[in-house]
Amino acid sequence: MGQDLSGQTAVVTGGSQGLGLAVAKRLLADGANLSLWDVEEENLRRAVSILGDERVHTSVVDVSSEKLVEAARNATLDRFGTVSILVNNAGVSGPHAQAWDLSLSDWQRVIDVNMTGVFLCCRAITPTMLTTGYGRIINIASVAGKEASPSISAYAASKAGVIGFTKTLGRELAGTKITVNCVTPAAIKTAIFDKWPPEYVATLLAKIPMGRFGMPDELAALVAWIASPEASFSTGATFDLSGGRTDF
């Protein structure tokens, strides 16, 4: 049984494929209007075709760009009038390399998209939520931000930053009806895995006590609950989805 998100509008960044698309499908099924923000225009067109619903709006946006994020925010408000749910899912993995072999440009791109992008989207949408007096912000982090993650230093650092930012923004908004939480999934196999060596993927699986990778629909179900009015007493929290890999 799903959540009742009727009449609400959700922005899902990186919403054209993978985990973002799974979340988008679930929120749409639960009654929300959708604005999908993604850097890949062709993927957005494909997502609209897959979702097949007139309640879906799209914006081509690189979340690391302040101007593009603000333009996407304005376009979404023009279409739906308000935004009550923000799911910051857009992210890049970066190269699989030791920290001393990582170029500054590769490091910076991961930080810009994964961490600064979350900041920019939250900064753009939060005033709208404050005006209406309600909101749900869900940031997709990773267990990589909570424990040692060799060969993905930029990714791990960016996700640790998302966790810290979530806790801070949650505290800043705790006196309102806007909650800010993050989800820290372990390995959920999507296209991002294609950039990692098979032996590294095998080590990820070996760390999960349940002996399997998570499913996109499982992440989507958790996000839908956090995005619902029922999740009214959790803010600044970290929700694990790790098959037992982490317990803190």
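Two strands are taken to pair if DSSP finds at least two bridges between them. Helices (H or I, at least four residues) and strands (E, at least two) are DSSP runs, numbered from the N terminus. The model is predicted: local features need pLDDT of at least 70, side-chain atom pairs count only at pLDDT 80 or more, and totals for chains, interfaces and linings use all residues. Residues are numbered from 1 along each chain as its sequence is written, and side-chain values use heavy atoms, with hydrogens and water left out.

The protein chain holds seven helices and seven strands. Along the sequence they follow the pattern β-α-β-α-β-α-β-α-β-α-β-α-α-β. The C-alpha atoms fill a box of roughly 45 × 35 × 35 Å along the principal axes. For 248 residues, a compact globule would have a radius of gyration near 18 Å, and the 17 Å of the protein chain agrees with this. That radius is taken over C-alpha atoms, and the globule rule is 2.2 Å times the number of residues to the power 0.38. Of the 248 residues, 51% count as buried. Buried means under 20% relative accessible area, exposed over 50%, and partly exposed in between (1.4 Å probe, protein chains only). The protein chain exposes about 11,000 Å², of which carbon and sulfur atoms supply 55%. Accessible areas come from the Shrake-Rupley method with a 1.4 Å probe; for residues, only the protein chains shown count as cover. Contact means heavy atoms within 4.5 Å. Among contacts between residues at least 6 apart in sequence, 70% join residues at least 24 apart.

The seven strands form an open sheet with parallel pairing, in the order β3-β2-β1-β4-β5-β6-β7. β3 (56–60) and β7 (238–241) stand at the edges. Each has a single partner strand, so one side of each is left without a neighbour in the sheet. Neighbouring strands are turned by 15° against each other on average, direction ignored. Axes are lines fitted to C-alpha atoms, for helices over the stretch in contact, and angles run from 0 to 180 degrees between N-to-C directions.

At one end of the strand order, five bridges join β2 to β3 in parallel. Leu34 stands opposite Val56 in β3. β2, α2 and β3 make a right-handed β-α-β unit. A crossover is right-handed if, with the strands pointing away from the viewer, the path from the first strand over the helix to the second runs clockwise. Strand β3 also contains His57. This residue is buried, with a relative accessible area of 11%. Not counting residues up to four places away in sequence, His57 touches Leu34, Ser35, Leu36, Ala75, Thr76, Arg79 and Phe80. His57 and Asn139 are 82 residues apart in sequence and 20 Å apart in space, C-alpha to C-alpha.

Helix α2 (residues 41–51) includes Asn43. Asn43 counts as buried, at 13% relative accessibility. It touches Ser16 and Gln17, residues up to four places away in sequence not being counted. The C-alpha atoms of Asn43 and Gln17 are 7.0 Å apart in space, across 26 residues of sequence.

Strands β1 (residues 9–13) and β4 (residues 85–88) run parallel and are joined by three bridges. Val87 in β4 is the bridge partner of Val12. Helix α4 (residues 104–132) packs on the sheet, touching β1, β2 (33–38), β4, β5 and β6 (178–185). The direction of α4 makes about 175° with that of β4. Helix α7 (residues 216–226) lies across β4, β5, β6 and β7, and runs at about 160° to β7.

Six bridges join β5 to β6, again in parallel. Arg136 stands opposite Thr179 in β6. The chain crosses from β5 through α5 to β6, and this β-α-β crossover is right-handed. Eight of the eight residues of β6 are buried, so this strand is largely enclosed by the rest of the structure. Both faces are covered. Ile178, Val180, Cys182 and Thr184 are buried on one side, and Thr179, Asn181, Val183 and Pro185 on the other. Four bridges link β6 to β7 in parallel. Thr184 has Asp240 in β7 as its bridge partner.

The loop between β5 (135–140) and α5 (153–172) contains Ser151. Its phi is near 80°, a positive value in a residue other than glycine. Most residues other than glycine have a negative phi. Ser151 counts as buried, at 16% relative accessibility.
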